[in-house]
Amino acid sequence: MVKQTAYNYDLIVIGSGAGGSVAASIAAKNGKRVAVIEAGMFGGESPNWGDVPIKALLHATQLYDEAKHGTRFGIRSAMLSYNYPSLINWKDLAIKRTGAGDNRKYYEQQGIDTFHGTAHFLSPNEISINRRHLSAKHFLIATGSHVVAPDIIGLESVKYLTPRSVHSLMRPPKKLLIIGGGTTGVELAQLMAIYGTKVYLVEIAARILPQEDEEVGVLMERILKERKGVTTLTQTRVISVVKDGVAKRVTFNRGDIEKSILVDEILVATGRRPMVDIGLENASVAYTAQGIDVNEYLQTSARHIFAAGDVLGHSSHTHTALTESRVAAHNILRKEKIKPNYSGTPRLTFTYPGIASVGLSEDDAMKRDLAINKAMAPLNMIARSNTSDFRDGFCKIITDKKGVILGATVVAPHAAEIIHELALAVRHGMTASELATTPHAFLSWSEVVRIAAAKLA
Amino acid sequence: MNTLDAFIIIGVAALIHASFQLGVSVLTLLGSHTIGKNRSHAKLLRLTGSYLIGTAVMTMLLVSMVSLTLLNFFPTGDVSPLIWAITCGLLIGLGVAVWAFYYRREQGTSLWLPRGLASYLAERTKATHLSGEAFGLGLSSVIAELLFIVGPILLASLALVQLPPVWQLVGVAGYTFISLLSLLIVAGLIGSGHKLSQIQKWREDNKYFLQFVGGGGLMVLGLYVYVQQVVAAMTATGIQ
Amino acid sequence: MSDALIDIIKREGRRPSERFERSKLHASVYAACLSVQAPQGEAQRLADMICDIVAAWCATKPEVTSADLRRMAARHLEAFQPEAAYLYKHHKLVL
């Protein structure tokens, strides 16, 4: 047992991603002795393999795609092409410029000790890292999550791609099968389709993007099919994978019919599991395979140990992890504890058109038996859809019977920006009438919000 | 106190003694280690048999010793109400203690024993290869449980000294046999090939029931004897 | 055999570390399987399998505790022999 007065650090943060970085910085600025431990690349998933690289590539490829289809605007694009290695260089530049990728020096400049290796709890106040033992008064677990491969016969014996490893390909594959029609799967499907890859998107649920409202999945499926040539296989289960020469034969079951296709690569984007294999039992931290159990102050069952980010298992957004990291830091440093406020947290999918939602979805409201009003405004009702020549999308708003906005979904270009006024509305209990009577700039995409809100006012 | 009353008290005290689980835990561990080392069935029977004999011998010795001590102070068997009252108080206190902390608040059937003693007993059980060692283990397990079995043994001894000498021997034998019932059952199950995991699972699933019964039994017995011996005596002598 | 160092926490605070010994783990899993009347061949096979799984897990960690080893072994044994896994897990919780 480590004596109370002999701790190496006041706070050890396990994981240098969004869930841990903010807390480490705040604690260091408050004069605490802080250490950050990272098993992979400093900065975590988001800047190194997740949000930043994918969005950087999506931006570049979207430009290319728009230009390719610019004939109707008078743009000649017959000779237009892309250089894949240059795209990857651009992606690497974007990562480097955020400063958050591989940012070990960033911590060291703040006086935070950094350790590279896998942490493992030995006792409630002690961890082992590279056979070195470190003790601390408090811990923040922000180990994030990892992709879980589904139980498919033969999958382990063929080399499959993950959202992390897909960027290390020398060139885009000719044919790609993506297992998992969630946010990541759909984003990567669009990206790879723009490269020219023939994409098959397999989803076990009845529609892609099953966590969004039905209209979103239906619309995106049509867009992916018509504009990108993506073949969507919903209600489909992959049964087995075998090597067939240099290619891979995938057998799947759809509607009780078994079929197989030959693809060059398989990308698994089925879901993530929190990384909880760090000896939590030795620290008496309660957890399940779905994540670490915490109270409303992000404290685990061991009161001096906190947890934030993907490891909690309820959200995989960087902005949520950042919020939780801030809250955890506050609760570690101060006696009066605060709770993270999740209301108005947007959920984003960076496709084109983008998808953004906040608050309750219609499915959520139905499950809770809430009496709601809903209204939908298609994109073709606003002037911007004409000038940009893009009409596929909508804004859907859900209110309670008093008109208070409970949730909203936007499918449109720049949906990630449009959603924030709706996030504000949800967080502060605004009514549809208040939103409808707020001026929205003409020829902005946000006009669709005003029109949807006006239907409920 | 008539003979029947005395035997009822001895029998109930012995049953409460049988409900305590330390001996059963040690026996389960002994069986687990013996079977796990792929020893012969005959060896298993020898070891468990020796363990039972050791437990029986120590129980008998303890009961006899306490009875003999009491006979020195009360040669005619006429025990003062004060002694009865103290014994009943001890029983009720032990009953509360059983309810409070007989089992540790964790999984399994971890008992109240200090962890050092528990580890020691576990290590000794693991190292038991010979019948003599098993016999010694039986002796030790009774000593280890002394904190809780002192109540039933004291009460049974007080009842024993009321009996004529021949019945006293019967009483001692009867107490010993009844107090060994749970061990005999478990030994029988192990010897007949029942899975230890099932035995242990049953014990874990029903530990709180056994705890309730043990503690409740002690309290009820203490109250019964108090009313029978102390209150009745006070009423008889007219003291209020 | 894994290179993992097993850190054994002693109550007195002394912490001697020792290398992962497959034979020790094998013996304890084998004994647990036998104690629930599993046939010897099956007990041997299960013990081999569990040792392989635990050794592979240990290879991902420079240092673990003996409690971690026990938990890992019990978790994987449960899929094949739940009764042996029960006894194995609760071995230190009998007394």
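# A chat about chains A, B and C

Me: How many helices and strands are there in chain C?
Reply: Chain C has four helices and three strands, where helices (H or I, at least four residues) and strands (E, at least two) are DSSP runs numbered from the N terminus. This is a predicted model, in which local features need pLDDT of at least 70 and side-chain atom pairs count only at pLDDT 80 or more, while totals for chains, interfaces and linings use all residues. Residues are numbered from 1 along each chain as its sequence is written, and chains are lettered from A and ligands numbered from 1 in the order in which they are written.

Me: What pattern does chain C follow along the sequence?
Reply: Reading along the sequence, the pattern of chain C is β-β-α-α-β-α-α.

Me: And what percentage of chain C counts as buried?
Reply: Of its 95 residues, 42% count as buried, meaning that 20 or more other C-beta atoms, placed from the backbone, lie within 10 Å of the residue's own.

Me: How many residues does the contact between chain C and chain B take from each?
Reply: It takes 13 residues from chain C and 25 residues from chain B, two residues being in contact if their C-beta atoms, placed from the backbone, lie within 7 Å. On the chain C side, helix 1 (22-34) and helix 4 (82-90) each supply at least two residues, and the largest share, four residues, comes from helix 4 of chain C.

Me: Switching to cores, which residues touch the most other members of the largest one?
Reply: In the largest nonpolar core, which has 91 residues, they are Leu155(B), Ala156(B), Val29(C) and Cys33(C); such a core is a set of buried Ala, Val, Leu, Ile, Met, Phe, Trp, Tyr and Cys residues joined through C-beta atoms within 7 Å. Helix 7 (residues 146-160) of chain B gives the largest share of this core, nine residues.

Me: What is Ala156(B) in contact with?
Reply: Leaving aside neighbours within four places in sequence, Ala156(B) is in contact with residues including Ile9(B), Ala13(B), Val63(B) and Tyr175(B).

Me: Now chain A: which domains does the assignment give?
Reply: The assignment, which is automatic or from a database, gives domain 1 (4-44 + 101-146 + 273-333), domain 2 (52-91), domain 3 (165-270) and domain 4 (347-456).

Me: What separates the centres of domains 2 and 3 of chain A?
Reply: Taken over C-alpha atoms, the centres of domain 2 and domain 3 of chain A are separated by 22 Å. Their contact takes 10 residues from domain 2 and seven residues from domain 3, and helix 3 of chain A gives the most to the domain 2 side, with seven residues.

Conventions. Buried ≥ 20, exposed ≤ 12 C-beta atoms within 10 Å, placed from the backbone.
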